Amino acid sequence: MASTDRSTPAEDQQQQQPQRPSLFSPYQMPRFRLAHRVVLAPMTRCRAPDAIPGPALAEYYAQRSTEGGLLISEGTIISPSGPGFPRVPGIYNQEQTDAWRKVVDAVHAKGAIFFCQLWHVGRASHQVYQPGGAAPISSTDKPISSRWRILMPDGSYGKYPTPTRLATSEIPEIVEQYRQAAINAIKAGFDGIEIHGAHGYLIDQFLKDGINERTDEYGGSLSNRCRFLLEVTRAVVSAIGADRVAVRVSPAIDHLDAYDSNPLQLGLAVVDRLNALQQEVGRLLAYFHVTQPRYTAYGQTESGQHGSAEEESRLMRALRGAYRGTFMCSGGYTRELGVEAVESGDADLVSYGRLFIANPDLVERFRRDAPLNKYVRKTFYTPDPVVGYTDYPFLGQPKARM
């Protein structure tokens, strides 16, 4: 009998070639299988009175959950000295941990994977947020310049105060706070944690040579400036396992005066050390999350802030090429830029912030290439548990008034 296979050699070759990944194709993280590559980025939303996550957070995150999707929580404070915004949630005591469990359960009910971002703002705080009205802590005693203003509990904006430089002997206590917060997050049911080492907050204050002028083992050389991040990462990995731990950095971003004289060298130094840690423990981290320099202080997309767009792309590609594991990018990405990043191999995953605020069904809108709701910036940090938070419409629903 004659064969019914009429495929040509060219068609056979095409069938044998692996299909290029897309923003909507599955992805295997070291521990978790994702159904697509659109990730909810961590974003401060200021809806947790007294640092306790409540029903509003459960609804907000559940709205943005999809089967096999990955969500990263808003920055979640690791200690009473950690906050620099009003109404941000914590993960350092039992009440907070128990409250997060209800939020996590709502996300898991939708089939999504949920990571908790561990956060300490360091000098990006104010006495009003600190226990006993103390000065905030940092790697330095230099305050953030008057170019930047801090959001106060009453909605006004204030000046950043002079921080207290951490003594060398005090740093292990902060490392322990990260470790315990990670343990608490897993107890709350989170699938993993992301260490926030970006955007001018505490870890970034150690990493960047424009801030860190220390002369002890945590300052000066690249190795010393990376030490705090690596100690935190090692402690958390030892507590909950490498494949539940992610790291976020932003070597080329100057948010809150977080300058570095050589962002590429800094980024590669961090990558080298994370690669070495992964080899040491014999497991890959969950992912490595890098914010592109398009991200700026107030969320505008301003390519070229630290050089040309091509220079920014080279930096991201260099980090992508050097890191051994899952690479996530963020910072002003549109649907088109996300599609391009994944299809070109520049990233495995893409996280979205403001677009996800305004579009709880962003994944579906992206799939259909449907129109997007516009976000309302003035409601980003308000205390209202509904307006600008859970009232953005899904496809087919009438628009809410804001």
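This is a predicted model: local features need pLDDT of at least 70, side-chain atom pairs count only at pLDDT 80 or more; totals for chains, interfaces and linings use all residues.
1. Let's start with a quick check on helix 7.

2. Which residues of helix 7 are buried? They are L266, G267, A269, V270, V271, L274, N275, L277 and Q278. Just after the helix comes G282, which has a positive phi of about 75°.

3. Now bring in helix 6, residues 222-240. Its axis and that of helix 7 (residues 263-281) come within 10 Å and cross at roughly 35°. The crossing of helix 6 with helix 7 is right-handed. On the helix 6 side, the contact is made by L222, S223, R225, C226, L229, L230, T233, R234 and V237. Helix 7 contributes Q265, L266, A269, V270, R273, L274, L277, E280 and V281. By type, the residues of this contact are eleven nonpolar, three polar and four charged.

4. Next, find S73 in strand 4, which covers residues 70-77. Is S73 buried or exposed? S73 counts as buried because its relative accessibility is 0%.

5. What does the side chain of S73 reach at 3.0 Å? The answer is the backbone nitrogen of Q117. The S73 side chain also makes a polar contact with the side chain of T76, at 3.4 Å. Beyond its neighbours within four places in sequence, S73 is in contact with several residues, including P42, Y61, W100 and F190.

Key:
Residues are numbered from 1 along each chain as its sequence is written. Side-chain values use heavy atoms; hydrogens and water are left out. Helices (H or I, at least four residues) and strands (E, at least two) are DSSP runs, numbered from the N terminus. Buried means under 20% relative accessible area, exposed over 50%, partly exposed in between (1.4 Å probe, protein chains only). A polar contact is a pair of N or O atoms within 3.5 Å; within protein, one must be able to donate a hydrogen and the other to accept it, and residues adjacent in sequence count only if both atoms are side-chain atoms. Contact means heavy atoms within 4.5 Å. Axes are lines fitted to C-alpha atoms, for helices over the stretch in contact, and angles run from 0 to 180 degrees between N-to-C directions. A crossing is left-handed if the near helix is turned anticlockwise from the far one by less than a right angle, and right-handed if clockwise. Ala, Val, Leu, Ile, Met, Phe, Trp, Tyr, Cys and Pro count as nonpolar, Asp, Glu, Lys and Arg as charged, and the others, Gly among them, as polar.
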